[in-house]
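Student: I would like to go through this structure with you. Can we take it step by step?

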Amino acid sequence: MLEYAMALDVLAKVYAGERLDKDDALALFNSDDLFELGRAASFVAERLHGKRVCYTRNRHINPTNICVNRCRFCAFSRSHGQDGAYGLTVNEILDKLAGTSSHFNELHIVGGLHPDWPFSYYLELISKIKQHYPHVQIKAFTAVEIDHFTKLSGLGLSGTLSELKAHGLDMLPGGGAEIFSETVRARLCPEKIPAGRWLEIHEAAHNLGIRTNATMLYGHIETYEDRVGHLLMLRELQGRTGGFQAFIPLSYQPVTGSAIDVNNYPSGPSGIDDLKTIAVSRLVLDNFPHIKAYWIMLGEKICQLALYFGATDIDGTVIEEKIAHSAGASSSEMLTPDEMVHLIKKAQKEPVERNAVYEEVPCTAK
Ligand code: V47
Ligand code: SF4
């Protein structure tokens, strides 16, 4: 009862247009009044975007699953020489894209940290894609990969990002953030760059005019305090740069046999936790334009419900998804533009097709 009353006090702040603090955010996570939470998050989302919900025609490319990090939650990665390990040449990637170019306007390229590939591989990859498909925007390389590239290029952080930009990089995806808490990070992904470096890389990108997204992997061993800490660090950086476009809460897909799937959520977060996390994100991240409901990890139906909990973006057609599906995600691997439009319209919202940097593009889907 006390938690219910506290959450109502916090929601009164939302309706009055006041910024939420750490205790407010915790009270919302601890409250179970999902409907009031959804109502307040929808109020904020509608104030920003009306009934408009974005989607894009995109395609994922994962150049390699060979990764020196081997994070404990990642079923996608392999060690060099292990069964199932792969690395695609630039030409193999171009062959994959051939024939589907007219069907996408955003390419999402992320992969493992390959121990042997030179920086020139990545430059050649994006410049050849741009040559072949000049209309396509390239959203590529997590901050974890950018950090790896700085060691390969010897150009420093700004130099590395500038070189990628000059070769066709349009924006950075939000992966690799996981949970910023150092204690959780040490258990989940001890080899991964620390939170401070992830933030530093996004700040450097923003300073070069490269916009980025941000993510948070939730529903494993983290606490609500860890989630709130993560959101507040992102809000602080956004307050200084304004370079984030969307925040994407990533619903943990449990990895069988992983050292981390025996804890709080043996089967991953519940639908209620998914919706609550979307809503609290919308309310805390008051300076982020969009909260994205990533249907691949939420499933299509929770994704659709998320449109009543503050989400104003449902990502894209995706076409080939390996990271969540390696961990056993039950969603399909692609949706057609018509299916995306249908999902949005059936929620009584207005579909808006966008490109990677959130410019509206003419929608030809029904
Ligand atoms: O960084 C890995 C996560 C991320 C699992 O910026 C897992 O528009 C859940 O960042 N369960 C990559 N998540 C995906 C990503 C992303 C996706 C869609 C859109 C955008 C964007 C970014 O996937 C990784 C890691 O945090 N991940 N394993 C897992 N078992
Ligand atoms: Fe490598 Fe990224 Fe998987 Fe971690 S999450 S093992 S860095 S591919």
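Predicted model: local features only at pLDDT ≥ 70, side-chain atom pairs only at ≥ 80, totals over all residues.

Tutor: The accessible surface of the protein chain is about 14400 Å². Carbon and sulfur atoms hold 53% of that surface.

Student: How many helices and strands does the protein chain have, and what is its radius of gyration?

Tutor: The chain has 15 helices and 10 strands. The globule rule gives 21 Å for 366 residues, and the chain comes close to that, so it is as compact as a globular protein of that length. Its radius of gyration is 20 Å.

Student: What share of the residues counts as buried?

Tutor: Buried means under 20% relative accessible area. The count runs over the 366 residues of the protein chain. The buried share is 59%.

Student: Is Ile248 buried or exposed?

Tutor: Ile248 sits in strand β7, residues 244-251. Its relative accessible area is 6%. The cut-off for buried is under 20%. Because 6% falls under that cut-off, Ile248 is buried.

Student: Which residues does Ile248 touch, not counting those up to four places away in sequence?

Tutor: Contact means heavy atoms within 4.5 Å. By that test, Ile248 touches Asn213, Ala214, Thr215, Met216, Lys292 and Tyr294.

Student: Which residue has a side-chain oxygen that reaches a backbone nitrogen at the start of α2?

Tutor: Helix α2 covers residues 22-30, and its buried residues include Asp24 and Phe29. At its start, the backbone nitrogen belongs to Asp23. The oxygen comes to within 3.1 Å of that nitrogen, and it belongs to Asp21.

Notes: Residues numbered from 1 in each chain as written. Chains lettered and ligands numbered in written order. Heavy atoms only, no water. Helix = DSSP H or I, 4+ residues; strand = E, 2+ residues; numbered from the N terminus. Rg over C-alpha atoms; globule rule 2.2 N^0.38 Å. Buried < 20%, exposed > 50% of the residue type's maximum accessible area, 1.4 Å probe, protein only. Areas by Shrake-Rupley, 256 points an atom, 1.4 Å probe, with all protein chains shown as cover. Polar contact = N/O pair within 3.5 Å; in protein donor to acceptor, adjacent residues only side chain to side chain.
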